[in-house]
Amino acid sequence: MKIGIVCYPTFGGSGVVATELGKALADEGHQVHFITYSQPARLDFFSANLFYHEVSVRDYPLFDYAPYESALASKLVDVVRFEKLDILHVHYAIPHASAAFMAKQILETYGIYIPFVTTLHGTDITLVGKDPTYKPVVTFSINKSDGVTTVSQNLKEDTEKHFEISNEIKVIPNFIDFNRFSLKPKDHFKKAIAPNNERILIHTSNFRKVKRTSDVIRTFEKIQQKIPSKLLMVGDGPERAYNEQLCRELGICENVRFLGKQDAIEEILSVSDLFLMPSESESFGLAALEAMACKVPAITSNAGGLPELNIDGFCGFMSNVGDVEDMAAKGIQILENDEVLQRFKENAFIRAQDFDLKKILPIYIDYYNQVIEEAHKLKAV
Ligand code: GMT
């Protein structure tokens, strides 16, 4: 199959899922074309089946806002025509789904019929998409997609609740590649972070408000009063400065390290004992799955799709959003006893295996085949 993938090429979850999916499809022998405005963060190597087409947006003095959606649609037309793609898969509805619809319409004028699948990732529905600024376009482009997937049942329900959806939505959960995410021997790193064998807690995110990163700091502050521990804050974003200030106010700076954006996240997870994800909303929680794959149990909120990932009392615990007392108590319960911690670590790994790439990839491939077949049947009518 020849597949075009559109995504945000950044460290964000939707871009990571799109890139990892494309890489896995290429490994299976499919030809994969990424169409984005810059090289995706995890696409930094050569593979004969992988191609990258840059969408460049021409600036012009008239434009206060350069029309990215038009540039993307034009690029899609070009790539589909000349690379003879079979299907487009766009990740994150805004503006990718509407650009794909526009490209599809244009291509029909050339006698080319290409179906497109839209994968909804979370904030494109729960935060940005619901806003009246975008809602009519998001609704229309979801309904005009030839296939629609969400990364959790909860996101499917949210989409159906907040938008007038006439299309069938298929749930395909996110996945993990165990070739990359597995325990790495990084004892020297562990010693540098926790010289007195303290427990290591970790949070990774884009530090946006929705992640409630200050709850991470407040939860940790309570845990470290009972259990000698260190906190690693990985990633960067708008809340970081406030979090650093909060650490100063709480007097815990010497136990907290802000590491910024990191590529080799699996190496940092490998030395960690507990992952914290207190998000306000989270359609799936890919970062928690990455942690579990590296045998790190997770304390998460019970928001959105997190209950579909985290099994309370097995591979971690869940608390209500904002309940830092509860998160701290549960963190202490996991960390205070070596045997309990070891059991949670093994269970985290067991749970992560349910989302093994090897199990999820065939679901996507079958879905593409089904969408292509149905779209061509419709064309023939
Ligand atoms: O979490 C973010 O803010 C980034 C966002 C994205 O679109 O890149 O992540 C969303 O998609 C991920 C991959 O499917 C999910 O694992 C995250 O749960 C989801 N984030 C939210 O719903 C807040």
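Phenylalanine 207 is placed in the loop between β8 (199-204) and α8. Helices (H or I, at least four residues) and strands (E, at least two) are DSSP runs, numbered from the N terminus. The model is predicted: local features need pLDDT of at least 70, side-chain atom pairs count only at pLDDT 80 or more, and totals for chains, interfaces and linings use all residues. Residues are numbered from 1 along each chain as its sequence is written, and side-chain values use heavy atoms, with hydrogens and water left out.

Phenylalanine 207 is not a glycine, yet has a positive phi of about 50°. Its relative accessibility is 0%, so phenylalanine 207 counts as buried. Buried means under 20% relative accessible area, exposed over 50%, and partly exposed in between (1.4 Å probe, protein chains only). Lysine 295, also not a glycine, has a positive phi of about 65°. This lysine 295 sits in the loop between α11 (286-293) and β12 (298-301). A further backbone feature is the cis peptide bond between isoleucine 94 and proline 95, with omega of about -10°. Proline 95 belongs to helix α3 (residues 93-108). Most residues other than glycine have a negative phi, and most peptide bonds are trans.

The ligand is considered next. There are 19 residues around the ligand, and Ser14, His121, Asn174, Lys211 and Glu282 come nearest. A residue is near a molecule or strand if one of its heavy atoms lies within 4 Å of it. By class, this shell has 5 nonpolar, 11 polar and 3 charged residues. Here Ala, Val, Leu, Ile, Met, Phe, Trp, Tyr, Cys and Pro count as nonpolar, Asp, Glu, Lys and Arg as charged, and the others, Gly among them, as polar. Helix α1 (residues 13-27) gives the largest share of the shell, 3 residues.

A polar side-chain atom of glutamate 282 is 2.7 Å from a ligand oxygen atom. For serine 283, a polar backbone atom is 2.9 Å from an oxygen atom of the ligand. For leucine 286, a backbone N or O atom lies 3.0 Å from a ligand oxygen atom. On its own, the ligand has 490 Å² of accessible area, of which the protein covers 95%. Accessible areas come from the Shrake-Rupley method with a 1.4 Å probe; for residues, only the protein chains shown count as cover.The structure holds 18 salt bridges. A salt bridge is a side-chain nitrogen of Lys or Arg within 4 Å of a carboxyl oxygen of Asp or Glu. Glutamate 20 pairs with lysine 23 in one of them, with the closest N and O atoms 3.5 Å apart. The two residues are 3 residues apart in helix α1, and are therefore separated by about one helical turn. Both glutamate 20 and lysine 23 are buried. Glutamate 20 has a relative accessible area of 11%.

Glutamate 20 also meets arginine 180 in a salt bridge, at 3.9 Å from N to O. Glutamate 20 lies in helix α1 and arginine 180 in the loop between β7 (169-171) and α7 (187-193), so the pair ties together parts that are 160 residues apart in sequence. Arginine 180 is buried, at 18% relative accessibility.

Another salt bridge joins the side chains of glutamate 244 and arginine 240, at 3.3 Å from N to O. Both residues lie in helix α9 (residues 240-250), 4 residues apart, about one turn of the helix. Glutamate 244 is partly exposed, at 23% relative accessibility. Arginine 240 is buried, with a relative accessible area of 18%. Elsewhere, salt bridges that share partners join Glu20, Lys23, Arg180 and Glu266 into one network.

Threonine 213 is found in helix α8 (residues 213-226). Its relative accessible area is 1%, so threonine 213 is buried. The side chains of threonine 213 and asparagine 243 are joined by a polar contact of 2.8 Å. A polar contact is a pair of N or O atoms within 3.5 Å; within protein, one must be able to donate a hydrogen and the other to accept it, and residues adjacent in sequence count only if both atoms are side-chain atoms.

Valine 79 is part of helix α2. With a relative accessible area of 2%, valine 79 is buried. Valine 79 and histidine 53 are 26 residues apart along the chain, and their C-alpha atoms are separated by 7.9 Å.

Leucine 62 lies in the loop between β3 (50-54) and α2 (68-83). Leucine 62 is exposed, with a relative accessible area of 65%.
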